[in-house]
Amino acid sequence: MLRTHIDRLVLPGDFFSPESEESMKVLVAVKRVVDYNVKVRVKADNSGVDLANVKMSMNPFCEIAVEEAVRLKEKGVATEIVVVTIGPTTAQEQLRTALALGADRAVLVESAEELTSLAVAKLLKAVVDKEQPQLVILGKQAIDSDNNQTGQMLAALSGYPQGTFASKVEVSVDKVAVTREIDGGLQTVSLSLPAIVTTDLRLNEPRYASLPNIMKAKKKPLEVLTPDALGVSTASTNKTLKVEAPAARSAGIKVKSVAELVEKLKTEAKVI
């Protein structure tokens, strides 16, 4: 397995000590998506996905981001966790879930529009400017659009270094070492804080919220903002023309021999 390292050698003694008096605010961005157990349906007019009476949840990669922030706080690294989402009023449900998991306060940027990745990144940039976190953690992608763009765009807009597809995160006083999952194996980068990190599946296993914490989350502060209040235009140049469900797959067939399989792959499937 290939392992590469960028910037400088990170030594064990470099990592954050709980005795440090430095405070660290972590901002975690989450997204409200259709629950991964739900079969997605397309509207009859092919204008989009039918969300009527559909169970919505926090994006699984965002759950990993929240969990990592909570673990940093439990280690004494982070002192405050702020969770933010952009969406309709009902997205407060996902923010309350994040608060129940251990976040300290929440910010909802209220918008009923279907936003592009760039618009989301611009709104998050405005929140970053307002909150001034030392570390921003996002899921690497959302399971609805699968764009894998917002974290990278946010890093470009803010001018912060980025560590994407993180499978391990270790914070020092002024740096964060991120082990990234890449095609050739693992790559470790050392980033100066403030920085942007996007989470991959193997970073951690998110916990479940306990009932007492769910009750406590109802009393934690939740601020509601608007794109206008942040001075951000969310106008899009993209237009969705049509949304279609994947074509149904035809039933497979059984063959009696390897020779018959090869023949069908050549003459019928035409893949060899």
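This is a short talk on salt bridges in one predicted model, with a look at one serine at the end.

Some ground rules. The model is predicted, so local features need pLDDT of at least 70 and side-chain atom pairs count only at pLDDT 80 or more, while totals for chains, interfaces and linings use all residues. Residues are numbered from 1 along each chain as its sequence is written, and side-chain values use heavy atoms, with hydrogens and water left out.

Start with the idea. Side chains of opposite charge can pair when their charged atoms come close. We call it a salt bridge when a side-chain nitrogen of Lys or Arg is within 4 Å of a carboxyl oxygen of Asp or Glu.

How many salt bridges does the structure hold? There are 19.

Take one of them. Arg-105 pairs with Glu-131, and their closest N and O atoms are 2.6 Å apart. Where do the two sit? Arg-105 is in strand β6, residues 105-110, and Glu-131 is in helix α3, residues 117-131. That links distant parts of the chain, 26 residues apart. A word on those names: helices (H or I, at least four residues) and strands (E, at least two) are DSSP runs, numbered from the N terminus.

Is Glu-131 buried or exposed? Buried, with a relative accessible area of 6%. The cut-offs: buried is under 20% relative accessible area, exposed is over 50%, and partly exposed is in between, using a 1.4 Å probe and protein chains only.

Next pair. Glu-223 bridges to Lys-130, with 3.2 Å between the closest N and O atoms. Glu-223 lies in strand β12 (residues 222-225) and Lys-130 in helix α3, so this bridge ties together parts 93 residues apart in sequence. Both ends are partly exposed: Glu-223 at 29%, Lys-130 at 43%.

Third pair. Glu-181 and Arg-202 meet at 2.8 Å, N to O. Glu-181 belongs to strand β9 (175-182), while Arg-202 is in the loop between β11 (195-199) and α5 (211-217). These partners are 21 residues apart.

Now connect things. Which residues join into one network through shared partners? Lys-25, Glu-80, Arg-105, Lys-130, Glu-131 and Glu-223.

Last stop: Ser-117. This serine is in helix α3. Ser-117 is buried, at 9% relative accessibility. What does Ser-117 touch? Leaving out residues up to four places away in sequence, Ser-117 touches Asn-147, Gln-149, Thr-150 and Met-153. Contact here means heavy atoms within 4.5 Å.
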